[in-house]
Amino acid sequence: MTLGKQRTALAAAGLAALLTFTTACGSSGPGAANGVTAWALTGGDEQTFRASFQADKVQGEFYGNDAYKQKIRSAIGADQAPTLVFSWGNGGMLRSWVDAGKIYDLSADVQANPAMTDRYLPSVLKAGQIDGKTYALPNNSIQPVMLFYNKDLFAQVGAQPPRTWDELMALVPKFNAAGIAPLSIGGQSKWPQLMWEEYLVDRIGGPEVFNAIAANKPGAWSDPAVTRAHQMIQQLVDANGFVKGFNSIATDSNADTALLFTGKAAMYLMGSWAFPTVKQADPQFAANKLGYTTFPTVSGGVGDPKDIVGNPANFWSIAAHAGDEQKKAAVQYLKDGLMNNSYVDSLLASGSVPPVNGIQDKLAKAPDPDYLTYVYNLAAGAPNFQMSWDQALSTGQADALLTNLDQLFGKQITPEQFAANMNATIGK
């Protein structure tokens, strides 16, 4: 899953940095005197990175999502990675780098400077920790997945947003009878289907189910919570819960998002990055007709209804092969440059929600305060913030997961066949 948000507002410092900063062309940035280098993604919170790099004399280069992943894997293996290593947290990539001794252990540094970690929301900070040690710190915004809905369409059929799975299933025939697709989804892109699996497995069995999968426990995909979640997904498909032809709709074109604000679909499960897209396309809809709520609870499930899934944030680590002076300067950047007041203000100005404690007053004064506060409170109150599974698993497992899930949604395989196929990837 990529960080698909487009930024249109910049803080003054970020704009100044954009005008003077050299990127992605192999030349030195302005004043990389400390020798610290960094690679990051274009889009998303790129402008905030640019501003902080400029202020702290970090040489930065920016890449597209797939290009970055390919480049960083090669660089890590050859001990040619930048000083600051960008990742999605303690998933497959970062864990494999830590296991290979390629990432510097920050534990002693954060113990000496507790503010380096104390400033972050605990649910997000966890994603930078492996086996009780700190290897990465959050560098951008919180991006939970939530259920968006069209208030006008709900009023049209006299319904309220679903609090339980049974309520959601009861809404499906009601919207279909009114000629409205109950749910929009970009099935062609595959990863949007993953959000349904992630939430249902958590609601049914709690986070321990996926923890076992991520730990490569033999047979973990055969857990009853996974099987039940897949049965429920196929029941939703059979009930025509998703828009007709959903497997031909692409998320990258925002076609799935458009179905919500054009009144074609009543609900849409997506990450918080959908909000800027809706706001840019139809500001009035975003301000007055766009609703959002948490994923429904499941009867008999043991998962905490406050658990959320999505992208806790992206993260900075320090390459183990970096020289002592580079490491010292990089730690200083993580301590004083990352998530300081100007950094937080830049994120808020662009419509992002920083994973930082005690910013309620700043949120109240930012554009779209109700929405930003809602997103912040989701993460602040979450006992568990599950990283997207396709980032948490190894690349091979993630590819197999998306392929099998697509077949599950298409009724080409059964839940039991899904489990067998995915169990075969354990340990690979």
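Biologist: Which ground rules apply here?

Modeller: This is a predicted model, where local features need pLDDT of at least 70, side-chain atom pairs count only at pLDDT 80 or more, and totals for chains, interfaces and linings use all residues. Residues are numbered from 1 along each chain as its sequence is written, and side-chain values use heavy atoms, with hydrogens and water left out.

Biologist: What does the protein average in pLDDT?

Modeller: pLDDT is the predictor's confidence in each residue, from 0 to 100. Here the average is 89, and 92% of the residues score at least 70. Take care with residues 1-31, where pLDDT stays under 50. For that stretch the model has 70 contacts beyond four places in sequence, a contact being heavy atoms within 4.5 Å.

Biologist: How many salt bridges does a search of the whole structure find?

Modeller: Side chains of opposite charge can pair when their charged atoms come close. The cut-off is a side-chain nitrogen of Lys or Arg within 4 Å of a carboxyl oxygen of Asp or Glu. The search finds 9. One of them joins Glu46 and Arg50, at 2.3 Å from N to O. Both residues lie in helix α2 (residues 46-56), 4 residues apart, about one turn of the helix. Helices (H or I, at least four residues) and strands (E, at least two) are DSSP runs, numbered from the N terminus.

Biologist: Is Glu46 buried or exposed?

Modeller: Buried means under 20% relative accessible area, exposed over 50%, and partly exposed in between (1.4 Å probe, protein chains only). Glu46 is buried at 9%, and Arg50 is buried at 8%. Now try Arg163 and Glu167, whose closest N and O atoms are 2.9 Å apart in a salt bridge. Arg163 is exposed at 62%, while Glu167 is partly exposed at 27%.

Biologist: Which residue forms a salt bridge with Lys289?

Modeller: That is Asp152, with the closest N and O atoms 3.4 Å apart. Lys289 sits in the loop between α15 (283-288) and β10 (290-293) and Asp152 in helix α8 (residues 151-157), so the pair ties together parts 137 residues apart in sequence. Lys289 is partly exposed at 36%, and Asp152 is partly exposed at 40%.

Biologist: Which residues of helix α22 are buried?

Modeller: In α22 (residues 415-423) they are Pro415, Phe418, Ala419, Met422 and Asn423. Seen down the helix axis, these buried residues fall within an arc of 125 degrees, so they line one face of α22. That arc is taken from the directions from the helix axis to the C-beta atoms. Their cover includes α10 (191-205), α12 (224-238) and α21 (395-409).
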